[in-house]
Amino acid sequence: MWGIGHAVLSLISRLKSGLPSDTSALTALWVAVALIVLHGLFTVPSLWSNEKQLLRSASEQQRLLVEEWAIQNPSAELDGVPVGSSLLGITLFKPVPDATGYFELMVLGDAPDLSLWNPANSGQIERSGDIMDAHWSLELQGQTLQALARVSVKHVVANNNSLVRKQILLALLSGLLGGLLVLLMTVKFFAKPIQSILVAIRESRANSDGNIPKVIEIQEAGDLQLIADEFNGLVDEQRKAARQVRVKQQYLEYAAHHDPLTHLSNRLMFEDRLKTTVASAVAEQGQFSVFLVDLDNFKFFNDQYGHLIGDKMVVEVGSRLKAMMKDIDLVARLDGDEFVVIQKDIPDKQAAEEIAARVMSVVTAPFEYRGFTLKASVSVGISHFPDDVHADQDEEMLAEEIVNNAAVALQEAKDNGKNQYQLFNESMRSRLTARIRLEQDLKTALASEQFEVYYQPKINIHTRQVTGAEALVRWNHPTNGRISPEIFVPVAEEAGMIIELGEWILRTACRQTHMLQQIGYDGLNIAVNISAVQFTDGNLLPMVSKALQDSSLTPELLELEITESAVMHDPEEVIHSLHELSRFGMRLAIDDFGTGYSSLAYLKRFPVDTLKIDRAFITDISSDNDDVAIVEAVLGLGNHFNMKVVAEGVEDEDQLNFLREQGCDLAQGYFISQPMNIQGYIDWLEAWPHGIQGRDEVLDNIT
């Protein structure tokens with residue numbers, strides 16, 4: 001028995017070791033165990049019932065022997081009943097009718113105690129070891145008697161145990177064989193196919209190196225082939241999704257590093273390539289040049305031809321630059337009309353200059369598009385590595401410096417007339433350093449109140465009355481002294497500080513003009529210059545409104561001056577802003593009229609109250625007929641459009657008399673007064689011989 005069990009356990013162990021996982025092994029084993037348990041549940045009750053049947057058979061056999069003996073010996077006394085080999089003892093009794101008692105007749109051998117008799121247990125058998133107590137009904141000597149017999153069932157038990165062992169062994173073997181059969185079938189038709197699928201999946205994943213696994217091929221997978229097909233379907237879907245992701249990633253990466261219009265590299269890719277180029281040049285002591293290429297007057301080109309043709313111009317320039325460069329070079333579009341070229345292996349500045357000349361020649365060649373003959377005009381700024389950088393800086397600073405130097409050279413080319421190239425040099429570096437220092441000083445000046453508002457009076461040429469003044473800003477630098485507005489105002493505009501500075505000038509001028517009214521100088525107006533940047537900022541009207549409100553100055557006493565070139569920078573936007581200011585009650589003037597490129601078609605749409613003739617036309621008015629013609633033309637325009645005309649830069653009485661004869665309305669200049677601070681302005685008003693207070697002194701005192 002032990003040998004069979006050991007063999008079975010060994011077989012189960014080998015089967016389990018061949019299963020693909022603990023889950024499938026336990027599944028197969030639990031199926032086998034469940035079958036054995038079910039087999040036992042049906043077998044054990046059967047064995048128990050068999051034993052009961054044997055005991056009843058033995059009891060009945062002894063009862064028949066007793067009855068047979070009584071029949072063969074009818075005259076024998078009851079006490080002569082022999083005890084058979086299996087009958088150990090017997091008690092004969094007769095129950096009393098209609099009563100629960102009994103009448104004992106005879107006791108032979110080792111008989112059961114009659115007190116244990118219970119009428120309700122009639123016919124039952126009780127076994128204790130090899131002895132059985134039975135309750136019989138006997139037909140003896142023509143009467144029915146009851147008997148409690150004690151029978152030895154040793155031979156019955158022995159025979160029964162032997163039979164039971166055989167039955168148990170057979171049941172166990174049949175259960176084990178059935179369980180093993182189920183186990184084998186489970187392994188073959190369930191576990192093994194799953195094992196092959198799982199092994200194939202694991203091998204596919206193990207060989208994928210973190211990528212998408214391969215599809216699996218299973219031989220004889222049977223009904224489980226659907227699992228393999230499902231896995232392969234998931235792999236195919238994952239591959240398709242991965243391909244889509246790769247395509248999107250490639251597109252996003254391309255879009256992140258390329259300009260959508262020209263398909264050239266963009267600023268991000270240029271900066272990355274520049275860092276790499278600088279690092280390589282530093283490590284290998286190489287040389288390269290950076291070319292900044294900017295289309296001249298591109299905004300006006302767009303306004304004239306439209307953005308579609310403007311885009312075509314940009315694409316054409318980018319294509320030409322790309323075509324003339326080597327594969328190792330980079331051409332990128334930085335902004336709407338600005339390109340940059342990194343060209344490697346440039347031995348010196350002379351070679352860079354030759355390339356710039358070729359760039360100018362190629363880019364500016366005309367081309368036909370939709371019936372238009374288009375020709376680009378470009379300016380080029382060049383910076384050469386390592387000649388134009390400080391070698392003691394880190395690589396990131398070197399990259400930034402060489403681009404800044406190229407930008408400085410580009411600005412130099414534009415300042416010198418455009419449509420040319422410029423190589424960066426040390427004088428440009430000095431100007432750049434000075435400009436950076438000036439920009440930093442401007443920030444400090446705004447914070448520490450180094451600025452001061454000066455006033456240059458304006459008079460009515462015919463009545464000699466003071467009508468007001470123009471507010472001019474002056475910068476008292478703590479170390480460099482007085483700095484001209486012509487120097488720091490353009491820097492403030494480029495650096496974005498003109499908004500803050502202009503607001504300060506406006507507030508100060510309004511506040512001090514209102515103070516003049518409070519001390520008795522009523523009716524004086526104040527003219528404040530407004531930068532083109534302030535017009536495009538979009539916050540001009542709220543800023544002016546707040547300045548008037550805070551100073552309590554009436555809007556009619558404020559005149560805003562804007563240059564002619566600023567007016568034409570964006571005419572439609574300026575017209576909108578001017579109308580808003582005019583509706584608010586302020587007066588508007590165009591400064592330096594005649595020096596820009598204004599259009600009379602726009603001029604009639606401007607709600608302008610005053611034209612100011614630039615000083616350049618006043619200086620030689622006594623001797624230059626061209627200046628006379630220009631002044632007369634401006635005066636005619638002013639009269640036609642019902643505008644006041646102010647002559648700037650009046651420096652002598654002849655100029656003043658000529659302007660009065662020509663019908664000019666107002667004048668300002670050194671002949672009347674130089675710009676003064678507020679206290680000087682008050683003193684001048686007090687001394688002016690024929691001012692707004694109505695004094696009758698003559699003008700001779702000022703000559």
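Keep in mind that the model is predicted.

Let me start with the salt bridges. How many salt bridges does a search of the whole structure find? The count is 14. I will take a few of them.

First stop, Lys414. Lys414 sits in helix H9, which covers residues 395-415. It forms a salt bridge with Asp294. The closest N and O atoms of that pair are 2.8 Å apart. Asp294 belongs to strand E6, residues 288-295. So where is the partner along the chain? Asp294 and Lys414 are 120 residues apart, and the pair links distant parts of the chain.

Lys414 also meets the side chain of Asp296 in a salt bridge. The N to O distance here is 2.8 Å. Asp296 is in the loop between E6 and helix H6, residues 298-305.

Buried or exposed: what about Asp294, Asp296 and Lys414? Asp294 is buried. Asp296 counts as buried because its relative accessibility is 9%. Lys414 has 18% relative accessibility, and therefore counts as buried as well. The cut-off for buried is under 20%.

Now a pair within one helix. Glu503 and Arg507 meet in a salt bridge, 3.6 Å from N to O. Both are in helix H12, residues 498-518. They are four residues apart, so about one helical turn separates them. Glu503 is partly exposed, with a relative accessible area of 29%. Arg507 is partly exposed too, at 34% relative accessibility.

Next, a network. Which residues are linked in a network of salt bridges? They are Glu470, Glu561, Lys612 and Glu648. Let me stay with Glu470. Its place is in strand E14, and strand E14 spans 466-477. Glu470 counts as buried because its relative accessibility is 4%. There is a further contact at Glu470. Its side chain joins that of Asn529 in a polar contact of 2.9 Å.

Here is a contrasting case, Asp614. Asp614 is found in the loop between strand E19, residues 610-613, and helix H18, residues 625-640. Asp614 is buried, yet has no salt bridge. Side chains of opposite charge can pair when their charged atoms come close. What is the nearest side chain of opposite charge to Asp614? It is Arg615, 5.5 Å away. The side chain of Asp614 does have a polar atom 2.9 Å from the backbone nitrogen of Ala616.

The side chain of Thr619 reaches the backbone oxygen of Arg615 at 3.0 Å. At 42% relative accessibility, Thr619 counts as partly exposed. The C-alpha atoms of Thr619 and Gly649 are separated by 7.0 Å. Along the chain, these two residues are 30 residues apart.

On to the surface. Four residues gather there in a patch of negative charge: Asp348, Glu353, Glu354 and Asp387. Take Asp348. It is placed in the loop between strand E8, residues 338-344, and helix H8, residues 349-363. Asp348 counts as partly exposed, because its relative accessibility is 34%.

Last, the backbone. Which peptide bond is cis, with omega near 10°? That is the bond from Phe385 to Pro386. Pro386 is in the loop between strand E11, residues 378-385, and H9.

Then there is positive phi. His263 is not a glycine, but its phi is positive, about 65°. His263 lies in the loop between helix H4, residues 225-257, and helix H5, residues 267-284. Arg464 is another residue other than glycine with a positive phi, near 65°. Arg464 lies in the loop between strand E13, residues 451-460, and strand E14. Arg464 is buried, with a relative accessible area of 16%.

To recap, with the model on screen. Find Lys414 and its salt bridges to Asp294 and Asp296. Then find Asp614, buried with no salt bridge. Finish at the cis bond from Phe385 to Pro386.

Key. Residues are numbered from 1 along each chain as its sequence is written. This is a predicted model: local features need pLDDT of at least 70, side-chain atom pairs count only at pLDDT 80 or more; totals for chains, interfaces and linings use all residues. Side-chain values use heavy atoms; hydrogens and water are left out. Patches are made of residues with over 30% relative accessible area and no salt bridge: like charges are joined within 9 Å, nonpolar side chains (Val, Leu, Ile, Met, Phe, Trp, Tyr) within 5 Å. Accessible areas come from the Shrake-Rupley method with a 1.4 Å probe; for residues, only the protein chains shown count as cover. Lys and Arg count as positive and Asp and Glu as negative; His and the chain ends are not counted. The place of a charge is taken as NZ of Lys, CZ of Arg, CG of Asp or CD of Glu. Helices (H or I, at least four residues) and strands (E, at least two) are DSSP runs, numbered from the N terminus. Buried means under 20% relative accessible area, exposed over 50%, partly exposed in between (1.4 Å probe, protein chains only). A polar contact is a pair of N or O atoms within 3.5 Å; within protein, one must be able to donate a hydrogen and the other to accept it, and residues adjacent in sequence count only if both atoms are side-chain atoms.
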